[in-house]
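Please read the following report alongside the sequence and the three-dimensional model. It takes the chain as a whole and then turns to selected elements and residues.

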Amino acid sequence: MSLWGRIFAAGYDTFMARPEKAVLRRHRQALLARVRGRVLEIGGGTGANLPFYGSGIEELVITEPEEPMARRLERKLGDYSLPTRVVRAPAEELPFEDESFDFVVSTLVLCTVDDPARALAEIHRLLKPDGQLLFVEHVRSDEPRLARWQDRLHGLQVRVGHGCHCNRKTLESIKAAGFSIPQLDHDKLRKAPPIVRPLIVGAAERVSAAP
Ligand SMILES: C[S@@+](CC[C@H](N)C(=O)[O-])C[C@H]1O[C@@H](n2cnc3c(N)ncnc32)[C@H](O)[C@@H]1O
């Protein structure tokens, strides 16, 4: 684990505090209120979603491949009475049975995974046929001027954001992985740098087969 990886994990809650309060908390709360049954969260980070999971959960599995993040997440679990376990695994290779989860949750993770198409294929494989992927993700801007800045500053953002890509077309990737999008909102991640502000929030459902 790099020194920056450890610093990034240690500072994550602090540098996300303002966008969290301004925007993210509301979306996490609204999206996670309906989560039930067996739930998988990928890239759980420091556990920002934990306060918003409700009582209808049978099992919550949170994956997190980065050790400094996973340790922080495990420390926070004690504050919540959720049937939870943390699994150290990347979203591209998830050690679970096909069609075994009712919901998969991804918040600010598809920007960072090494291979979004593989991660989404795994999510598609793991969801039950009537399951849903719930997502809050920052994405490439639809405004050409901001998108150009996202491209220009992309290399810097990957380093500073510990692998975070600010110019990914994540909505298109979700659709290309065999999902329909019955619920979608666009928002801005206020109090964050402009290149990571365009935000998509919604739910995706499996279409019958992976492409
Ligand atoms: C920006 S943080 C988001 C954390 C949390 N989901 C949240 O909403 O605050 C991105 C997270 O993705 C994790 N991550 C990085 N590569 C990953 C991968 N290949 N698969 C799953 N998670 C990954 C990072 O360790 C980090 O915890």
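The report below moves from the overall fold to helices, strands and single residues.

## Basis of the model

This is a predicted model, in which local features need a pLDDT of at least 70 and side-chain atom pairs count only at pLDDT 80 or more, whereas totals for chains, interfaces and linings use all residues. Residues are numbered from 1 along each chain as its sequence is written.

## Overall architecture

The secondary structure of the chain comes to 7 helices and 7 strands, where helices (H or I, at least four residues) and strands (E, at least two) are DSSP runs numbered from the N terminus. In sequence order these elements give the pattern α-α-β-β-α-β-β-α-β-α-α-α-β-β. The radius of gyration of the chain is 16 Å, close to the 17 Å that the globule rule gives for 211 residues, so the chain is as compact as a globular protein of that length; the radius is taken over C-alpha atoms, and the rule is 2.2 Å times the number of residues to the power 0.38.

Along the principal axes, the C-alpha atoms of the chain fill a box of roughly 45 × 40 × 30 Å. Of the 211 residues, 40% are buried, a residue being called buried if 20 or more other C-beta atoms lie within 10 Å of its own, exposed if 12 or fewer, and partly exposed in between, with C-beta atoms placed from the backbone. Among the contacts in the chain with a separation of 6 or more, 67% are accounted for by residues 24 or more positions apart, where two residues are in contact if their C-beta atoms, placed from the backbone, lie within 7 Å.

At 1.5 Å a residue, the 13 residues of α1 should span 18 Å, and the end C-alpha atoms are 17 Å apart, which agrees; the expected span of a helix is 1.5 Å times one less than its number of residues.

Helix α2 (residues 17–32) bends by about 55° at L24. A straight helix of 16 residues would span 22 Å, but α2 spans only 19 Å between its end C-alpha atoms. The buried residues of α2 are P19, V23, L24, H27, R28, L31 and L32, and they pack against β4, β5, β6 (179–188) and β7.

## Strand β5 and its partners

In strand β5 (residues 127–138), 9 of the 12 residues are buried, so the strand is largely enclosed by the rest of the structure. Strand β4 (residues 101–107) runs parallel to β5 and is joined to it by 6 bridges, strands being taken as paired if DSSP finds at least two bridges between them. Within this pairing, the bridge partner of T107 is V136 in β5. The chain crosses from β4 through helix α4 (residues 116–126) to β5 in a right-handed β-α-β crossover; right-handed here means that, with the strands pointing away from the viewer, the path from the first strand over the helix to the second runs clockwise.

Strand β7 (residues 198–206) pairs with β5 in the antiparallel sense over 7 bridges, and here E137 stands opposite I200 in β7.

T112 lies in the loop between β4 and α4 and is buried, with 20 other C-beta atoms within 10 Å. Not counting residues up to four places away in sequence, T112 touches G43, G163 and C164. T112 and V160 are 48 residues apart in sequence and 12 Å apart in space, C-alpha to C-alpha.

R38 is found in strand β1 (residues 37–42) and counts as partly exposed, with 18 C-beta neighbours inside 10 Å. Residues up to four places away in sequence being left out, R38 touches E58, E59, S100, F101 and D102. R38 and L127 are 89 residues apart in sequence and 9.8 Å apart in space, C-alpha to C-alpha.

## Positive phi angles

Most residues other than glycine have a negative phi. E99, although not a glycine, has a positive phi of about 50°; E99 lies in the loop between β3 (84–87) and β4 and is partly exposed, with 14 C-beta neighbours inside 10 Å.

K191, likewise not a glycine, has a positive phi of about 70°. K191 is placed in the loop between β6 and β7, and is partly exposed, with 15 other C-beta atoms within 10 Å.

Note on methods: The bend at a residue is the angle between axes fitted to the seven residues ending there and the seven starting there.
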